[in-house]
Amino acid sequence: MPGTHRTPVSPLPRPGIRAQDFTDPFTRRLLLNEGSTTELLERRGRCRLGLRVVEQTLAPLHLRDGRLLDMLGVTPQTPCLVRRTELVSPEGTAVSRNLVIGLLPRSDEVTQVVTHHSVALGRSVNLRGIPQRRTLLSAGLTTWQGTGRTVPAVSRGYLLHLDDEAPLYVAETFNPAVAPPWRRGTGTAAPVSAVRAVPAVTTALGRAS
């Protein structure tokens with residue numbers, strides 16, 4: 001799994017937008033959810049979602065905001081898991097795009113859960129009964145690459161604590177068709193030009209895209 005090539009890492013959502021600021025009830029519920037995102041999205045779509053692993057590698061992280069390094073208990077030189085996945089509908093449509101970064105767990109069982117190639121993280125954690133806790137760090141807007149265009153999308157970032165392992169950072173971005181990005185008092189989402197990723201996350205292997 002060691003990386004030897006460019007490893008683009010999704011940006012954190014733009015801060016400063018509260019979950020309560022979004023007009024859609026499901027969007028608000030999704031952003032505040034403390035349980036399995038997979039199960040919540042499946043109840044919404046009334047279908048079982050599949051997992052598509054886009055990239056999984058080990059590489060040191062460079063974070064413009066060093067606070068996240070401290071939260072993860074790593075240094076810029078520490079090899080970390082960088083895992084990018086998509087939850088997909090039975091038709092193959094991406095419902096969410098997800099980033100997991102952090103130290104590989106010490107436990108073989110937890111390592112299998114966070115690196116599994118066919119079972120989503122939240123589902124696997126619940127199936128195995130692994131103690132878990134989420135600490136929400138940010139919720140807001142980022143961008144979603146669609147069919148030939150880029151549109152605003154709802155995203156959130158949180159720390160995932162599994163058993164007694166070091167926390168993992170999870171960033172989830174949701175298909176706007178599933179989690180509408182409309183905000184109260186505006187009638188629209190923020191324009192794409194106003195969506196900024198702060199702070200950006202890169203690996204030592206290359207800049208984030």
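Analyst: The protein chain of this predicted model contains five helices and seven strands, and from the N terminus on these elements follow the order α-α-β-α-β-β-α-α-β-β-β-β.

User: And how much of the chain is buried?

Analyst: Of its 209 residues, 52% count as buried, while the accessible surface comes to about 10,100 Å², with 50% of that belonging to carbon and sulfur atoms.

User: OK, what about the largest nonpolar core, which residues have the most contacts inside it?

Analyst: That core has 19 residues, and Leu30 and Leu41 are the ones with the most contacts inside it. The elements giving two or more residues to this core are α1 (25-32), α2 (37-45) and β4 (132-145), and α1 gives the most, with three residues.

User: What is Leu41 in contact with, leaving aside its neighbours within four places?

Analyst: Leu41 is in contact with Phe26, Leu30, Leu49 and Leu87, and also with Val95, Ser96, Phe174 and Val178.

User: Switching topic: where does Ser155 lie, and is it buried or exposed?

Analyst: Ser155 lies in strand β5, which covers residues 150-162, and it counts as buried because its relative accessible area is 0%, against a cut-off of under 20%.

User: So what lies 2.7 Å from a polar atom of its side chain?

Analyst: The backbone oxygen of Glu172 lies at that distance from a polar atom of the Ser155 side chain. Separately, Ser155 and Ala139 are 5.8 Å apart in space, C-alpha to C-alpha, although 16 residues apart in sequence.

Conventions
Residues are numbered from 1 along each chain as its sequence is written. This is a predicted model: local features need pLDDT of at least 70, side-chain atom pairs count only at pLDDT 80 or more; totals for chains, interfaces and linings use all residues. Side-chain values use heavy atoms; hydrogens and water are left out. Helices (H or I, at least four residues) and strands (E, at least two) are DSSP runs, numbered from the N terminus. Buried means under 20% relative accessible area, exposed over 50%, partly exposed in between (1.4 Å probe, protein chains only). Accessible areas come from the Shrake-Rupley method with a 1.4 Å probe; for residues, only the protein chains shown count as cover. A nonpolar core is a set of buried Ala, Val, Leu, Ile, Met, Phe, Trp, Tyr and Cys residues joined through side-chain atoms within 4.5 Å. Contact means heavy atoms within 4.5 Å. A polar contact is a pair of N or O atoms within 3.5 Å; within protein, one must be able to donate a hydrogen and the other to accept it, and residues adjacent in sequence count only if both atoms are side-chain atoms.
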